[in-house]
Amino acid sequence: GAAQVAKATPDGHTLLMGAVHHTVATSVYKNLSYSFEKDFAPITTVALVPNMLTVSAKSPFASVKDLIAAGKANPDKLSFGSNGNGTAQHMIGTQFQMETGIKLLHVPYKGSAPLTTDLLGGQVDLSFDTITPVLPFIKDGKLKPLAVTTAKRSSALPNVPTLQEAGVPNIAIGTWFGLLAPAATPKPVVARLNAEVVKIIQSPEFRKQMQDIGAEPVGNKPEEMARQIKEETDKFANLVKVGKVTLD
């Protein structure tokens, strides 16, 4: 989809709903036919979906501190699941290990559904999945949220600390979604699209729909989204290199 939009007529009629995963893809895929930074004109970030460090309700861990202690005592014994190699969840798990000095076994899944099933059953010890698939099970008491991975707490679970508050520095990653146009789209067209989309994002109806699934509405300026893409592309490139992340 991104490759198609990158080559589309830059008239404001063909847009991409991009995501944090595109900033990861820049580093993990060697033969992309487009540059996420150069071939697109950011319009606005629509919403940020926090990722959660979550364990089963039956897990012995009641806090991030408990988890880190167990990880240090038992290297490679604890497992974390993701939606696949090179995904944002994988990157968060990689940085979590780098910041805490523990070693976890990475188990890649083909999406949130099988990952959540195994997390509920205890086949995998923890996950850094987005809040959306785990929130219903957290509310039902079947999963325990230990921390949120974003810089701020989630409005859906305000009593859950951030990883930084829980003693793990430097982690501030969430799964964002946003609109982009082909790079050559005229600036007045981008400005009009930004203004109209931000109106929708700021509407009470949209905000409620987002908050019901644990998402945080954003609606920033094109230059702010561009800066976000640049910073995260650089961050993930470093994580891929240092963590030796591959798609094998």
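Predicted model: local features only at pLDDT ≥ 70, side-chain atom pairs only at ≥ 80, totals over all residues.
Start by selecting R192, E196 and K199: a network of salt bridges links these three. Mean pLDDT for the protein is 94, with 99% of residues reaching 70 or more. Colour by confidence and look at helix α7 (residues 187-201), where it is highest at 98, and then at helix α2 (residues 20-28), where it is lowest at a mean of 89.

**Stop 1: the charged trio on α7**

Back to the trio. Side chains of opposite charge can pair when their charged atoms come close. Show the side chains of R192 and E196 and find their closest N and O atoms, which sit 3.3 Å apart in a salt bridge. Both residues belong to helix α7, four residues apart, or about one turn of the helix.

Which of the trio are exposed, and which partly exposed? R192 has a relative accessible area of 55%, so it counts as exposed. K199 is exposed as well, with 55%. E196, at 35%, is partly exposed.

Before you leave, select G12 together with R192. They are 180 residues apart in sequence, yet their C-alpha atoms are 9.4 Å apart in space.

**Stop 2**

Switch to cartoon view and follow α7 along its length. The helix lies across β2, β8 and β9, running at about 15° to β2. Those strands belong to an open sheet of four, in the order β1-β8-β2-β9, with antiparallel pairing. At the edges stand β1 (16-19) and β9 (216-217); each has a single partner strand, so one side of each has no neighbour in the sheet.

Now zoom in on the middle. How many bridges pair β2 with β8? Strand β2 (residues 40-50) and strand β8 (residues 174-182) are joined by nine, in the antiparallel sense. To see one, pick A47 and look across to F177, its bridge partner in β8.

**Stop 3: rings around F128**

Time for aromatics: the structure holds four aromatic pairs. Select F80 and F128, an edge-to-face pair with 5.8 Å between centres and 75° between planes. F80 is in strand β4 (residues 79-82), while F128 is in the loop between β6 (126-127) and α6 (131-139), so the pair ties together parts 48 residues apart in sequence.

For another group of rings, select Y34, F36 and F40, which ring pairs link into a cluster.

**Stop 4**

Of the six salt bridges in the structure, finish with D76 and K103, whose closest N and O atoms are 3.6 Å apart. D76 sits in the loop between α3 (64-73) and β4, and K103 in the loop between α4 and β5 (105-108), so the bridge ties together parts 27 residues apart in sequence.

Definitions and conventions. Residues numbered from 1 in each chain as written. Heavy atoms only, no water. Phe/Tyr/Trp six-rings, centres within 6.5 Å; stacked < 30°, edge-to-face > 60°. Helix = DSSP H or I, 4+ residues; strand = E, 2+ residues; numbered from the N terminus. pLDDT = per-residue confidence, 0-100. Pairing = 2+ DSSP bridges. Contact = heavy atoms within 4.5 Å. Axes fitted to C-alpha atoms, helices over the stretch in contact; angles between N-to-C directions. Salt bridge = Lys/Arg side-chain N within 4 Å of Asp/Glu carboxyl O. Buried < 20%, exposed > 50% of the residue type's maximum accessible area, 1.4 Å probe, protein only.
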